[in-house]
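Please keep the structure open while you read.

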Amino acid sequence: MENSLGKSINFIKTSEKAQHQATHRHKIGHKHGEGSAIDFYAYASKLRCWNPTFKVVFSFLTLLLCIGLNNPFVSIAVIIGMAYLTVLKGGLSLSAYISVLMIPITFIIMGTIAIGVDFSSQPIGQFNLFLGMGYLFTSVDKLQEMAFLMLKVFGAISAMIMMTLSTPSAEIIGVLRKAHVPKLIIELMNLIYRYIFILLDVFNNMRNSADSRQGYCDFKTSCYTFGSVASNMLVVSLKKANAYYTAMEARGYEGELVFLEAEKKLQLRQLIIGAAFLIFLILLGMMTH
């Protein structure tokens, strides 16, 4: 009797541990596997109540100043300012902000390495490394140029990411509509953006279904599963395109998409702080030129 009871307790503990591990894996997959994470951050941001036109114009002017002034101190100020707005004012966690920045940071580093490091058949430059067929060399000036370029590009991207993580896509497209961007481009942006997430949802369902059937157990099976999922995606995307277009026509679509947009007033305090920050960037660029 005691042995049976002990086995039952051990079985329950093992089952609870396995369930906890499965739940933990599910949370991780859900966090990093969803394509709509950026849109979710935008809707959850505390800056969402700000006027979208102000955020778009402010981000665009900050980007122009960061590139036009071409000053590392201005770039650092933009990076710090945009991080402050997104993380502290917007309420986004620092880990989520860094995870969003990881992809552009990777491309920035890979793109600027070619500027700071060069290859030659002769041992030139202040620092060089022999690789058998030639020398990999660099210098302090090249490294400084690479660092300044990285800061400038990262500052410009930070301005755009602040806008993206605090403004839903529908509001950004609404600002473009107010700027008299051609109607065809606006509608294509709406449809393509929304359809991307529809296809991502379909792909996630197919991937989970294949994974549950050991579709990725080895390399050969993974290649076969990838080909099957890709071919099915083409067929499903065509079917869903027809289905959603029929649904749009059933709801009165006559060639123009109309969305209900909430009116968000521009506060004088926000306008003053935004103008002060832009003026600060200009003065900082002039004083440290």
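The points below go from the whole chain to single residues.

1. **Ground rules.** This is a predicted model, in which local features need pLDDT of at least 70, side-chain atom pairs count only at pLDDT 80 or more, and totals for chains, interfaces and linings use all residues. Residues are numbered from 1 along each chain as its sequence is written, and side-chain values use heavy atoms, with hydrogens and water left out.

2. **Overall make-up.** The chain has ten helices and three strands. Helices (H or I, at least four residues) and strands (E, at least two) are DSSP runs, numbered from the N terminus. Along the sequence the pattern reads α-α-α-α-α-β-β-β-α-α-α-α-α.

3. **Burial and surface.** The chain has 289 residues, and 30% of them count as buried. Buried means under 20% relative accessible area, exposed means over 50%, and partly exposed is in between (1.4 Å probe, protein chains only). The accessible surface of the chain is about 19,500 Å². Carbon and sulfur atoms own 67% of that surface. These areas come from the Shrake-Rupley method with a 1.4 Å probe; for residues, only the protein chains shown count as cover.

4. **Contacts along the chain.** Contact means heavy atoms within 4.5 Å. Take the contacts between residues at least 6 apart in sequence: 72% of them join residues at least 24 apart.

5. Strand β2 (residues 127-130) and strand β3 (residues 135-138) run antiparallel, joined by four bridges. Two strands pair if DSSP finds at least two bridges between them. F130 sits opposite Y135 in β3. The two strands form a hairpin, with four residues between them. In the turn, G132 has a positive phi of about 100 degrees.

6. **Helix α10, length.** Does the span of this helix agree or disagree with its residue count? Helix α10 covers residues 268-287, which is 20 residues. At 1.5 Å a residue it should span 28 Å, and its end C-alpha atoms are 28 Å apart, which agrees. The expected span is 1.5 Å times one less than the number of residues.

7. Which residues of α10 are buried? They are Q270, G274, F277, L278, L281, L284 and G285. These cover an arc of only 125 degrees around the axis, so they lie on the same side of α10. The arc is that of the directions from the helix axis to the C-beta atoms. On the other side, L268, R269, I272, M286 and M287 are exposed. The cover over the buried residues includes α3 (52-69) and α4 (72-89).

8. **Aromatic pairs.** The structure holds four aromatic pairs. The ring centres of F58 and F277 are 5.9 Å apart and their planes are at 55 degrees, so this pair is tilted. F58 is in helix α3 and F277 in helix α10, so the pair ties together parts that are 219 residues apart in sequence. Rings of Phe, Tyr and Trp (its six-membered ring) pair if their centres lie within 6.5 Å; planes under 30 degrees apart count as stacked, over 60 as edge-to-face and the rest as tilted. Both F58 and F277 are buried. W50, F54, F58 and F277 form one aromatic cluster.

9. **T62.** This residue is in helix α3. T62 has 0% relative accessibility, so it counts as buried. Leaving aside neighbours within four places in sequence, T62 is in contact with V78, M82, A159, F277, L278 and L281. F277, L278 and L281 are among the buried residues of α10.

10. **D39.** Is this residue buried or exposed? D39 counts as buried, because its relative accessibility is 15%. D39 lies in helix α2 (residues 37-44). Not counting residues up to four places away in sequence, D39 touches P168, S169 and Y193.

11. **Positive phi in two loops.** Most residues other than glycine have a negative phi. N70 is not a glycine, yet has a positive phi of about 50 degrees. N70 is in the loop between α3 and α4, and its 52% relative accessibility makes it exposed. H180 is not a glycine either, and has a positive phi of about 65 degrees. H180 is in the loop between α7 and α8. At 73% relative accessibility, H180 is exposed.

12. **A179.** A179 lies in the loop between α7 (169-178) and α8 (183-212). A179 counts as exposed, at 52% relative accessibility. The C-alpha atoms of A179 and T53 are 9.6 Å apart, although the two residues are 126 residues apart along the chain.
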